[in-house]
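Morning, everyone. I'll take this one quickly, from the overall fold down to single residues. Here is the chain.

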Amino acid sequence: KLPDWPSIILPMATASDLVKNHNQKQNRPILRIVPPNYVQAELMAEKIVDSKTGSNQVKVAIFRDSSNYKYSSDLAGALRKQIESKNAAVIFDGSIGPEGSGEYITESFAILRPDYIVFLGMLDTGIPLVRQIEAMKELENANGKSPWNPVILLSDGSVDKEIEGRSEST
C-alpha cells in the first residue's frame, strides 16, 4: 500500500519542530518544498535594495563557499543577477573556504566598505568570516574613520546558535 498523501505541504524551510510535533500528533507525512535558488535570490535582493535610504547606490559583497561550491555558486550567480537588475552594485564576488583564499577579510577588502556582506555557504566557513568581519569593523571604527556597520546576510547552511546570539551586533 502506498503511504497517505501529505497532510501538510510546507512551501519553505521552517522549524524542525513543526514536523516532529505534527508527526507525534497525527502520524501523517509532511512534504517540504524548498524554493529554488532564484527565488531565494529575489527575496535577498529585495531586502538589500529596499532597505537602503538616500540616493547612494547599495554596495554588496558576495562570498561563495568553496567547500560547497555547487550550492553556493548557483545561489551567488542568481543573487548577483538580481542585485544588478535592481541597480545596486556588487563590489566584491569571491570564494572563501578550504579551497579558496586563506584570509577572508583583508584591509583592502575593508576599504570597499560594502553596505551588505552576503555569505552563501556552510557554518564551518561562515563563523570565521563573521569573526573577521567583526574584528575588521572594530579596527576600522577604532581608527577614527566614519562608522562602518555592514549588514551580514547568511544563507541557511551557516546559521547556528553561536551566530544567532550575535545577530543583534552584526
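Helices (H or I, at least four residues) and strands (E, at least two) are DSSP runs here, numbered from the N terminus. On that basis the order from the N terminus is β-α-β-α-β-α-β-α-β-α-β-α. That comes to six helices and six strands.

Ground rules next. This is a predicted model: local features need pLDDT of at least 70, side-chain atom pairs count only at pLDDT 80 or more, and totals for chains, interfaces and linings use all residues. Residues are numbered from 1 along each chain as its sequence is written, and side-chain values use heavy atoms, with hydrogens and water left out.

Now burial. Buried means under 20% relative accessible area, exposed over 50%, and partly exposed in between (1.4 Å probe, protein chains only). Of the 170 residues in the chain, 35% are buried.

Contacts: heavy atoms within 4.5 Å. Take contacts between residues at least 6 apart in sequence; 70% of them join residues at least 24 apart.

On to helix α2, residues 37-50. It has 14 residues and reaches 20 Å from first C-alpha to last, close to the 20 Å expected at 1.5 Å a residue. The expected span is 1.5 Å times one less than the number of residues. Which residues of α2 are buried? N37, A41, M44, A45 and I48. An α-helix has 3.6 residues a turn, so residues three or four places apart point the same way. What does the buried side of α2 pack against? Its buried residues meet β3, α3 (69-85), β5 (116-120) and β6 (151-154). The face turned away carries the exposed residues L43 and D50.

Rings of Phe, Tyr and Trp (its six-membered ring) pair if their centres lie within 6.5 Å; planes under 30 degrees apart count as stacked, over 60 as edge-to-face, the rest as tilted. That rule gives one aromatic pair. The centres of F63 and F92 are 4.9 Å apart with planes at 45°, so the pair is tilted. F63 sits in β3 (residues 59-65) and F92 in β4 (residues 89-96), so the pair ties together parts 29 residues apart in sequence. F63 is buried at 0% relative accessibility; F92 is partly exposed at 27%.

Last stop: A110, in helix α4 (residues 107-112). A110 is buried, at 0% relative accessible area. Leaving aside residues up to four places away in sequence, A110 touches M136, E140 and W148.
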